[in-house]
Amino acid sequence: ENISEARKTRELLVGYYPDNYINDQLLGDILLAENKSAEAMVAYQQAFTKQKTDYLLDVLLEHYTENKQHTAAAELLEQFLQAHPSDHYARIKLAALYQQLERNSSAVIQYEQLLKQLPDNALVLNNLSWLYWLEGNRSALDTAAKAFRIKSDNPDIADTYGWIMLHKGDQQEALKIIRTAASKAPQDPSIRYHLAKALALNGRHEQAKKELSRILRDYPDFQQKPEVEELRKELSEIR
């Protein structure tokens, strides 16, 4: 009954405002209520072409994300930002998506743009510093340090800062920072791997080997398992 009423309402709207985006959006809502997801998305996309609204962005983005259509999601966010360049939410989403797709240069551009708008946002600074590190940018350590000064109690931010410092600065201080991060996020295998690496680079080989063994035991599907195994092999060969 509700769907029938919605269809009648839409017919009236089409009569009064034949080219308005709301007609396509309402059609999308109706089709979605009828479990016609694919057809609904076509209607929503048609509406989005006419009007870039938050509602349409969210419903299309959710669909693309659920269906792992990451390129389509990126294109959607790009189109939205052309119409709403100051929208932080959409730009953060796009930057994170680029990062997920390993389009690091594109992600850097988005995070740098965000930094102009949100100069003290620790999350933006943290993600940008990590990308700088991956890209070999000299600003990586300073950017990570700024994020850490703003939110030192966040284990992910502390880990990023400690990891970059481990390679670009004071290795003893880096170990302290990463050890603290690991104590706050003991179930994060990535931070625990960074702790093992920091222990190894500070000459604490036995502690590092124990940490690596725990990671392999507790997280057999850890993404960085090859690096863990390689480091353990290197340490086992040290006499």
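Helix α6 gives the most residues to the lining of the second largest pocket, namely 5, where helices (H or I, at least four residues) are DSSP runs numbered from the N terminus. A pocket, on a 1 Å grid over the protein atoms alone, is an open set of points where a 1.4 Å probe fits, with protein on both sides within 12 Å along at least five of seven lines, and its lining residues have an atom within 4 Å of a point. This is a predicted model, in which local features need pLDDT of at least 70 and side-chain atom pairs count only at pLDDT 80 or more, while totals for chains, interfaces and linings use all residues. Residues are numbered from 1 along each chain as its sequence is written, and side-chain values use heavy atoms, with hydrogens and water left out.

The second largest pocket has a volume of about 170 Å³, a volume being the space filled by probe spheres set on grid points that are joined across faces, edges and corners. Among the residues that line this pocket are D58, H70, Y89 and Q100, and the elements that give two or more residues to its lining are α4 (54-66), α5 (70-83) and α6. The lining divides into 6 nonpolar, 3 polar and 3 charged residues.

The largest pocket holds about 730 Å³ of space. It is lined by 23 residues, of which Q99, W130, L134, S190 and Q224 are the closest to its centre. Two or more lining residues come from each of α6 (88-100), α7 (104-117), α8 (122-135), α10 (155-168) and α12 (189-201), and α8 gives the most, with 6 residues.

Notes. Nonpolar A, V, L, I, M, F, W, Y, C, P; charged D, E, K, R; others polar.
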